[in-house]
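Good morning, and thank you for making time for this presentation. Please keep the sequence and the model in view while I speak.

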Amino acid sequence: MAWWHSSSQSINLEWVEHIAVLLAMAAFAWLVWHVVFGRLVAISQKTKTEWDTILLQTVSTPISVLIWLWPSSYVLDSLLAATAKVSESWLVVSRRVLVFAVILWILLRLVNRIEAYLMKSDTRDQTTVSAMGHILRLLLAVVGVLTALQAFGISLTGLLTFGGVGGLIVGLAAKDLLSNFFGGLMIYFDRPFSVGDWISSPDRNIEGTVERIGMRMTMIRSFESRPLYVPNSVFSSIVVLNPSRMQHRRINETIGLRYKDADKMAAIVTDVKAMLEIHPDIEQRSTLMVNFDAFAGSSLNFFIYAFTKTINWSRYHEVKQDVMLKIVDIVHAHGADFAFPSRTISFDKDEMTEAAIPVPEAIQAASNKH
């Protein structure tokens, strides 16, 4: 208070009026913007497109902040000039940085909202959308930092020279981190899998549903509902199977008939193939085969080879069950049956002796009759 009384005697207090006027103008401008923004939002809700709504939501908060901060910078300038006699050059630079920061803020919010909007669509690849969002945010952050440094008078030439040497040192020290980063870029651009895909690797014990693809690692949810975090660099050196992108699911079954039904094999194979050719859930444009295959140890085998139209795991098993039940009906309709492991034993009457092989009395009596 003593400092204030001593300094206020030599200060023209007209600056207080200037501060009040500036703050009043800021409040009035904010109210006008608030009313105009509300009308624009009401109009945008009546349009068919969502891009106008996204744009309005993006600029609403940054513009409100700018309306208050821009006059406040002049208020601070006037206050410091009147009381502390501080040079206003740094405030001029700060205002430039403020404008650029608000523009950068608007662009970052725009990228985030566009990414969120595109992620809602099922027709767009979420992995690509997420990758482009990460890259744009990183690019805007780098441009923002460099512009701010240049605005405050820091030479970018020396900084970039130092950054080249420092980048080499950091690159050697953080080799694994960089390899994971570029591995993430490879996933984003090559798109071997996307979020929501079921993937597996025969090279590693990796199998599950992809939940998130980050810049350093990918999160996979296993079928035991356990999270599996895989560094992105791993995917550049392993084979990845993506069953989610299959076009059809395959039915490949071998069916065995009894040897005594050999004369019915041809008719059964023909009827099974005819059934598959008219089945509504079997893909007729893919390979469809039904053929007598092998003389097995206790059965005559034929196989079916066909593809279902669905790739859904649950629906596939329903279709396969329906096909198998129809095959059972066809086999039984021909008076045949399915084989099971069995063994036939025959006895040679001339070589069979009571001392060598004990034979039950009933079998021996039947043998003596012959």
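Asn 291 has Phe 303 in β7 as its bridge partner. The strands here are DSSP runs of E with at least two residues, the helices are DSSP runs of H or I with at least four residues, and both are numbered from the N terminus. β6 and β7 run antiparallel and are joined by six bridges; two strands count as paired if DSSP finds at least two bridges between them. A hairpin of four residues leads from β6 to β7.

Before I continue, a word on the source. This is a predicted model, in which local features need pLDDT of at least 70 and side-chain atom pairs count only at pLDDT 80 or more, while totals for chains, interfaces and linings use all residues. Residues are numbered from 1 along each chain as its sequence is written, and side-chain values use heavy atoms, with hydrogens and water left out.

Let me now turn to the sheet around β7. Three strands form an open sheet in the order β5-β7-β6, with antiparallel pairing. Why is one side of β5 and of β6 left without a neighbour in the sheet? Both β5 and β6 (289-295) stand at the edges, each with a single partner strand, so one side of each has no neighbour there. From one strand to the next, the twist averages 20°. Angles run from 0 to 180 degrees between N-to-C directions, and axes are lines fitted to C-alpha atoms, for helices over the stretch in contact.

Next, the helix pair. Two packed helices are described by the angle between their axes and the distance between the axes. For α8 and α9, the angle is about 145° and the axes are 10 Å apart. Their crossing is right-handed, where right-handed means that the near helix is turned clockwise from the far one by less than a right angle, and left-handed that it is turned anticlockwise. From α8, the contact involves Ile 268, Asp 271, Val 272, Met 275 and Leu 276; from α9, it involves Val 323, Lys 326, Ile 327, Ile 330 and Val 331. Contact here means heavy atoms within 4.5 Å.

Which residues touch the most other members of the largest nonpolar core? They are Val 272, Leu 276, Phe 302, Ile 304 and Ile 327, in a core of 23 residues. At least two residues of this core come from each of β5 (249-257), α8 (265-277), β7 (300-308) and α9 (313-333). A nonpolar core is a set of buried Ala, Val, Leu, Ile, Met, Phe, Trp, Tyr and Cys residues joined through side-chain atoms within 4.5 Å. Buried means under 20% relative accessible area, exposed means over 50%, and partly exposed lies in between, using a 1.4 Å probe and protein chains only. Leaving aside neighbours within four places in sequence, Ile 304 is in contact with residues including Ile 251, Val 272, Leu 276, Met 289, Val 323 and Ile 327. Apart from this core lies another, of 13 residues, among them Leu 185, Ile 220, Val 234 and Ile 238.

Ile 220 brings us to a further set of strands. It is the bridge partner, in β3, of Val 210. β2 and β3 are antiparallel over four bridges, and a hairpin of three residues joins them. Strand β1 (residues 198-201) runs antiparallel to strand β2 (residues 206-213), with four bridges between them; Ile 199 has Gly 208 in β2 as its bridge partner. The hairpin from β1 to β2 passes through four residues.

Two serines deserve a remark. Ser 225, in the loop between β3 (217-221) and β4 (227-231), has a positive phi of about 65° although it is not a glycine. Ser 286 lies in the loop between α8 and β6. Is Ser 286 buried or partly exposed? Ser 286 is partly exposed, with a relative accessible area of 22%. Not counting residues up to four places away in sequence, Ser 286 touches His 248 and Phe 307.

Finally, the protein as a whole. The protein has ten helices and seven strands, and buried residues make up 29% of its 370 residues.
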